[in-house]
Amino acid sequence: MKIAILAAGTSKYFPLFIDKPKCLYHLNGMIQLERVIEDAKTIVDEKDIIIVAGYKAKYIERFLEKYPDVKLKINEKYAEAAIHSFRKAIEGEDDDFIFMFGDESISRTNLRRIAESKRKIAVLNTDKYWYYSLGIMKMRRDQINIINDEKYLSLEYIKDIFEFVNRKKYDYTFDINSGICIGYTMIDFILRVGNIKKIEDPQKFYIGTDIDFLFYDVNAEYIPDLDTIEDTDEYKNSFMLRVYTKCISEVLKLPRRIYQREKRKWMRLFQ
C-alpha cells in the first residue's frame, strides 16, 4: 500500500506573494506537512510515501531532505484540474492507495481505520455530512484506473456533482483548479463505485458493499486543518505579517475579486 500526500496547489486564502506552499507553514508548533508525513509513517514505510508537489515545488523538495526515502513527484499542471495530482500520484504504481492532503490533519486512530478497510473505497466522514471529505480516502488497486477518466477535466462534470450533492444550481463560486474540486471528484468516485442513488444515508442507499463509510465524532476526534494564513503560527507570531495580510494583500486582491464576480455573471448569462 502507498500513501499519497497531495500538496501541489496554491491557496486563495493566503496572502499574495506568499513565500512557500501553505503546507510548509507551522500549525500548533509543527510544520503541517511534517505532521502529515509522520502520521503516514505509522501506517507505511517512508519509502511508500509519495508527495505530489507543484506550486513552488522547490521548497517542498528542500524540506524533504530530512525524509530521503519519501518519493517526490511534480505535478506540472497544478494550475489546471485538480485531478492531475491524483494521476501523478498513481503514475507507475500498482498498489492500493490512501490519498491525504498536505494541509489537512487526521487522527492516527482514524488513519489506521482507513488503512485496515478491505473494501473498494474507504472514506472517513461525519455521519451528518458524509459528502464532505475529511481529506482522506483509500482506493483498492483494482479501482485506481477510474482516476484516469477524462471527464474529471471538465468543469461541467464537476458542476453536475456539485448540484447533485448540494441540491442547488452551481453558483460559479469555485474554479476547476481549486481544492474543493478534489472533494467533489472524490464524491464521484464514491457514487460510481457504490452506485449510490440518494445522499441522505449512503449506507442504506447504495447497491452492494463496495464502500466503507467510516464515521467519526467531530466533537471528539476533529483536528484543525491549515486552511488560512490566520491558522498559522507565523501569522500569530508576526505583527508585520498580520498587517500585510489585512491591510495590503486584501487590497491587492480586490481587482481579482471584481474580475471573478463579473466573470461569474457572464457565465450565468451564457449557460
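Biologist: Does Ile248 count as buried, partly exposed or exposed, and why?

Modeller: Buried means under 20% relative accessible area, exposed over 50%, partly exposed in between (1.4 Å probe, protein chains only). Ile248 has 41% relative accessibility, so it counts as partly exposed. This is a predicted model: local features need pLDDT of at least 70, side-chain atom pairs count only at pLDDT 80 or more, and totals for chains, interfaces and linings use all residues. Residues are numbered from 1 along each chain as its sequence is written, and side-chain values use heavy atoms, without hydrogens and water.

Biologist: Where is Ile248 found?

Modeller: Helices are DSSP runs (H or I, at least four residues), numbered from the N terminus. Ile248 is in helix H9, residues 239-270.

Biologist: Which helix is mostly covered?

Modeller: H1, residues 32-40. There, 8 of 9 residues are buried. Among them are Leu33, Val36 and Ile37.

Biologist: At what angle do H5 and H6 pack?

Modeller: Axes are lines fitted to C-alpha atoms, for helices over the stretch in contact, and angles run from 0 to 180 degrees between N-to-C directions. H5 (residues 155-166) and H6 (residues 179-194) pack at about 75°, axes 9 Å apart. That makes H5 roughly perpendicular to H6 (65 to 115 degrees).

Biologist: Which residues of H5 and H6 meet?

Modeller: Contact means heavy atoms within 4.5 Å. The H5 side includes Tyr157, Ile161 and Phe162; the H6 side includes Tyr184, Ile187 and Leu191.

Biologist: How far apart are Ile180 and Phe162?

Modeller: They are 18 residues apart in sequence and 10.0 Å apart in space, C-alpha to C-alpha. Ile180 lies in H6.

Definitions and conventions
Helix = DSSP H or I, 4+ residues; strand = E, 2+ residues; numbered from the N terminus. Parallel < 35°, antiparallel > 145°, perpendicular 65-115°, else oblique.
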